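Welcome, and thank you for taking a look.

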Amino acid sequence: MSSSSNSSSRSLRGPLRLSVLALALGGCFVGTVAVAQSNASGAIFGRTEAAPGTTVHVENPSTGISRDVAVDADGRYRAGSLPVGVYKVTVQRNGQAVDSRDAVQVNVGTSTEVSFAAAANSSAKNLEGVSVVASAVPAIDVSSVDTRTVLNAEQLRRLPMPQTVNAAVLLAPGAVNADARYGNAVSLGGSSAAENQYYVNGFPVTNPLTGLGATSLPFNSIEQEQVFTGGYGAEYGRSTGGVVNIVSKRGTNEWKGGMQVLYTPAGLRETEQPTYRPGDGAQISGRDKHSAKLWETTYAAYLGGALIQDKLFFFGAAERIKSENDTYTLSKNTTRSYNTNKTNRWLAKVDWNITDNHIIELTGLSDTASTYADQFVYDGVNDVQYGHKGWRSQKNQGTAGSSPGGQVYVGRYTGYITDNLTVDALYGKERTDHVDLTSGSSCTYFQDNRDSVPPSQRLQGCNISSGIAAPGAYDETNGWHLNLEYRLGSHDVRAGVDHYNVTSLNGSDTSGGVGWFYFDNPPSGVIESRGNLAVPPGHTGIVERYIFRAIGQAKVRQQAQYIEDHWQVTDRWLAYVGLRNEQFENLNANNEVFAKQRHQLAPRLGLSWDVMGDSSLKIYANAGRYHLAIPNNVAVRGASGSLYETQWGTYDGAVNTNGTPPGWQPIENVVYANGANGTPPDPRSISAQNLKAYYQDEYILGFDQQFADHWTFGAKVRYRKLRSIIDDWCDDRPFIKWAADHGVNYANPSPACYIINPGASNRFLIDLDGDGKLEDIKLSKNDIGLPEAKRKYYALDAYLEHRFDGKWYGRLDYTFSRSYGNSEGLLKSDIGQLDPSVTQDWDHKELMIGSNGPEANDRTHQIRAYGYYQVNAEWLVSANVLIQSGRPKNCIGVYPGDIPAEMNYGASYFYCKGQPTPRGSQGRLPWTYRLDLGVQYAPSFAKNNLTFSATVVNVFDKQTVQSINESGETGSGAPNLSYTQPLSYQTPRYVQFGARYDFSL
């Protein structure tokens, strides 16, 4: 901050005038980072003549925020930690203005360079004649060392895309849709979709249970959305994919509001193409007479302004999204569901400029999603709907990658203590309550799957789901951060600490306490899925008894400390040095620590070279290490005593009306899958004692070049290598051998699965012989038998961009990339498994044979092109193009060698027909082509405040297969008739109409 002699600031009231520069800056995508910027602010820096008495005055006329910053001996100045917005920058000498720049856009996390030449020869009286052109501010931020994309509110309005956070994320280079079974989740930089971090106004809102998805906010409340795809600084952690950082709008001195309606009619939505089972040609879905189309309507409104001019501001926004559709399959005994979906979101923000030096922000937001489904018995083969089956009501459940919902409250303080010292402090809390209610949830659950009984005569239970959600389920995140930023000569030093507690109560129980699944006697006389278990003759049929219960409370403590320095070595060279230290602790329901990683050091290094000295050509490089915490799902599944019990038997006579089998006779002992017998394991035994954190290293080298007015192009190469992974391991053979070698009686201890670092040596504390004492067991990598964890990603990203010049904006991106290894990371898209850090991978060594190859998120070629054209003051047209190569294909089957029966996972191995089928060896899915078009009309008679819009998504209705069934065999090794059957397609073409009215008071 400035000294007391020049600390007074002048407020520029009234609306900010639009200029060509404002459009140029506000309409461009920013692909670079700032000097030591917070995750909710930006900076302005530059040079001017270092004459005595010179200061630089930075002011946002819309909010009254202003700062006077000193100029150093070399003429450099920097105003950091500025709230995003449009500013005026003025050079002052002895209190008099001598030069200025209007409409300087500050973007989240970036630095905008504003330099002044020959300011000493200017005078205040010449200011009126200053001509500001679109190229006055460089298009390239030479202070950056990382890779990011920033979109502002105007761009989000103009581009033809769904109004969701992840739709914008997919515009970033290297971003791909994750497997459809994870909802609308996104993979960044080859990592699994559960490895990203989401922030709103500086507070983390990522789903704490699984890491998939995040709490969202009304789309019209987004001021800027920033997507890191690599190289981010030491302030950021807990991510090995990417970071999505959102800053909401805030009130200004002018009261502004608006209303919007969006409507997607079912009649203009194309029907998804039919799906046929490859093995016999049977149609699975897509009956023409039932389109199962979705209609959707969105109502939205916002209002913001000054409660006290220049001092106290309010902004509020809300939206409601409602849709209806019906879902079904064409199997003989299925359910048809009529669904009503509602999403309600609101955001309220208060900004208080206590003084020019002290700012407080208070944010509250809510995101609630609910679904009500009426379900009916349905014979999809003969298209006959029978009686009402029941209902299901869900709140904040949703699909895996969709918003988990929740309420968030954040308080933030920014203090400009001196010219060189800035303080940023935040505290926030988020709570998400999950509700899943079904009709007849207290009834015994059963399914009548007998082919010998016509669908109309099959018995129906009084409930509709095999499982019920844990009562009172919730996720909660609360914590704080404190950052200090200090400018010392040519060094901009930033340091901080944070502490977050993430708690989850979650899980599920068997509806009615027990489930029964009825089948006809198999023609072969054996139950293939149970290792050819023989069925005694002379019985009515077979039935599987089933109990699954996994309910638990878990907590993750996350702490971090970091320090980073942006050092302006010379006028053209900037060096970045950062170090982050993270600590993770995972706790079970009794608040006992079962996994801990301390002193996880993550160095970050970077260089930026302003080659010509005029910000027209930049060459940059960076290297860094990034850690990831274990999500709460691990403790809910593995540390809370889950029960997974199955048992096959026979019955005689007709099935009882309550679903219980008459004359039930078990034909095998109770089987506990993975040893889950309901006994809570000793927390000291759950994980390896020397557990290392999940982390990867990354390296980036790139350049950006401005070659004409409004034009830039550039390229970068990226390389990521996963160094350590965390997952569960369920193989007791090494422990049996260790016990034999050490004269210990092996007594089948609990747990049966352990959290380890696959591909490394691990140390355990386990009571092997049941005497109450824990044996200290050290197993080498060879003892365990798992290969070294491997995931590598390399990419070449190239772009060409035309910044908005008042007429048009356009950008073209091409990415060549490869993502390969023997593990996707936290998820397993091969089978759509949603168990972060406890995937099927690594459970035993046979599962990893042939697992090395191109990963599910690998897309070798990606082409993106998007932009908009302002035809005139009334009409704007826009387009968005995506072309990308297909996903690798696998054939997964049974293991041909000997394996213990309790560890045999059936069709889960990279073998088919007894031969190895390595990952990705079965070719690729087809290329994807998608074109979206949009048009907006703002009639002049309404003073351009009223806008009508139409967006066509997937204009040519390309419905390319996005994922398939990759199980080539059944559990017995027989060919799977459903192998290569499509599981998801591109979203069919649909049209969305909109009307929007914006006003000023």
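A disulfide here is a pair of cysteine sulfur atoms within 2.5 Å. The model is predicted, so local features need pLDDT of at least 70 and side-chain atom pairs count only at pLDDT 80 or more, while totals for chains, interfaces and linings use all residues. Residues are numbered from 1 along each chain as its sequence is written, and side-chain values use heavy atoms, with hydrogens and water left out.

**Disulfides**

- A search of the whole structure finds 3 disulfides. Counting the bonded cysteines along the chain, they follow the pattern 1-2, 3-4, 5-6.
- C730 and C753 form a disulfide with sulfur atoms 2.0 Å apart. Why is this disulfide called right-handed? The torsion about its S-S bond is about 110 degrees, so the disulfide is right-handed.
- This pair links distant parts of the chain, 23 residues apart: C730 is in the loop between β42 (727–729) and α5 (733–741), and C753 is in the loop between α5 and β43 (754–756). Helices (H or I, at least four residues) and strands (E, at least two) are DSSP runs, numbered from the N terminus.
- Both C730 and C753 are buried. Buried means under 20% relative accessible area, exposed means over 50%, and partly exposed is in between (1.4 Å probe, protein chains only).
- Another disulfide joins C891 to C912, with an S to S distance of 2.0 Å. The torsion about the S-S bond of C891 and C912 is about -100 degrees, so this disulfide is left-handed.
- That pair also links distant parts of the chain, with C891 in the loop between β50 (875–884) and β51 (911–912), and C912 in strand β51, 21 residues apart. C891 counts as buried at 7% relative accessibility, and C912 counts as buried at 9%.
- A disulfide also joins C443 to C462, with S to S 1.9 Å. C443 lies in the loop between β25 (435–438) and β26 (445–448), and C462 in the loop between β26 and β27 (467–469), so the pair ties together parts that are 19 residues apart in sequence.
- Are these two cysteines, C443 and C462, buried, exposed or partly exposed? C443 counts as partly exposed at 22% relative accessibility, and C462 counts as partly exposed at 39%.

**Strands and sheets**

- An open sheet of 4 strands runs in the order β3-β2-β5-β6, with antiparallel pairing. Two strands pair if DSSP finds at least two bridges between them.
- The edge strands of this sheet are β3 (66–70) and β6 (96–106), each pairing on one side only. From one strand to the next, the twist averages 20 degrees; axes are lines fitted to C-alpha atoms, for helices over the stretch in contact, and angles run from 0 to 180 degrees between N-to-C directions.
- Strand β5 (residues 85–93) pairs with β6 in the antiparallel sense over 8 bridges. V89 has R101 in β6 as its bridge partner.
- Elsewhere to look, strand β49 (residues 861–870) and β50 pair in the antiparallel sense over 9 bridges. A hairpin of 4 residues joins β49 to β50, and G867 stands opposite A879 in β50.
- β50 also pairs with strand β53 (residues 928–937), in the antiparallel sense over 10 bridges. The bridge partner of V881 in β53 is L931.
- Strands of a sheet pair through backbone hydrogen bonds, either parallel or antiparallel.

**Cavities**

- A search of the whole structure finds 16 cavities of 30 Å³ or more. On a 1 Å grid over the protein atoms alone, a cavity is a set of points where a 1.4 Å probe fits but cannot get out, and lining residues have an atom within 4 Å of a point.
- The second largest cavity has a volume of about 330 Å³. Grid points are joined across faces, edges and corners, and a volume is the space filled by probe spheres set on the points.
- Which residues lie nearest the centre of the second largest cavity? Of the 24 residues lining it, these are Q197, T206, N207, P208 and Q558.
- The elements giving two or more residues to this lining are β11 (197–200), β29 (491–510) and β33 (541–568).
- The lining residues divide into 13 nonpolar, 9 polar and 2 charged. Ala, Val, Leu, Ile, Met, Phe, Trp, Tyr, Cys and Pro count as nonpolar, Asp, Glu, Lys and Arg as charged, and the others, Gly among them, as polar.

**Positive phi angles**

- N591 is not a glycine, yet has a positive phi of about 65 degrees. N591 lies in the loop between β34 (573–587) and β35 (593–610) and counts as partly exposed at 42% relative accessibility.
- N954, also not a glycine, has a positive phi of about 60 degrees. N954 sits in the loop between β54 (946–953) and β55 (961–964) and is buried, with a relative accessible area of 1%.

Conventions:
On a 1 Å grid over the protein atoms alone, a cavity is a set of points where a 1.4 Å probe fits but cannot get out, and a pocket is an open set with protein on both sides within 12 Å along at least five of seven lines; lining residues have an atom within 4 Å of a point.
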